[in-house]
Amino acid sequence: MHIHCRCISLPYYLSCFMVPMGPPRNILVLGGGIAGIAAALALSRELSQKVPDLKITIFELHNVPSTSGGAINLNQAAQRHLDHLGVLEELDKMGADGGVEVKAVELFSIHSGRRLGRVDFAGKDGKGYGGYKARRVMRISLHLAMLAAAEKTCNIEVKFGKKVIDGIESGETVTIFFEDGSSAVGDLALGCDGVHSPTRMRLVDPSTLSEY
């Protein structure tokens, strides 16, 4: 069975191969960016109690964590989810590099300079909504915090320098092939490799053009 869906909570495509034979035990996550690590952390948290021998392997194209990208604004919902995954704790350990609290955002017209409005994150009591305000953090800092959270999870492993070139489904497994000649076998493969996802374009849904 092939499944392809737009991931609503993150600006990435999520593609997957899967064999519908109960909870997956060996999960391959293709893409070690923010989306891929978040998916691995969420799956680990959800399945660890149900699947004692769960194994999740993240395969990242680059040899080191990418430093591309600027600052990211994390609203209350994003922070609540990251806290649930153990990432906020890692950001807090980074001190100033872990981002700054944002109480509100002022909106202005780029044409007239006129103030258009304000998005409030602090609330009437100044404590935020549900205990969370907003945070502005550099993408690389968030990435490193997520990697640190993943390293604390015994069933998640991250492998760098792994470029996907092909994949096949056979019986109850999916096999992913990499440019270095290696391969990996699992019963679920998630493509968390961006809007121009090689997983989707080459393996899952090559007939659909990628677009923002």
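A salt bridge is a side-chain nitrogen of Lys or Arg within 4 Å of a carboxyl oxygen of Asp or Glu. I used that rule throughout these entries.

Entry 1, the model. I noted that this is a predicted model, where local features need pLDDT of at least 70, side-chain atom pairs count only at pLDDT 80 or more, and totals for chains, interfaces and linings use all residues. Residues are numbered from 1 along each chain as its sequence is written, and side-chain values use heavy atoms, with hydrogens and water left out.

I looked up aspartate 92 and arginine 135, whose side chains meet in one with 2.9 Å from N to O. Aspartate 92 lies in helix α3 and arginine 135 in strand β9, 43 residues apart; helices (H or I, at least four residues) and strands (E, at least two) are DSSP runs, numbered from the N terminus. Arginine 135 is buried at 12% relative accessible area; buried means under 20%, exposed over 50%, and partly exposed in between (1.4 Å probe, protein chains only).

I found glutamate 106 in a salt bridge with arginine 118, the closest N and O atoms being 2.9 Å apart. This pair links strand β7 to strand β8, twelve residues apart. Glutamate 106 is partly exposed at 34%, and arginine 118 is partly exposed at 48%.

I placed lysine 103 in the loop between β6 and β7. Its C-alpha is 6.4 Å from that of alanine 134, although the two are 31 residues apart in sequence.
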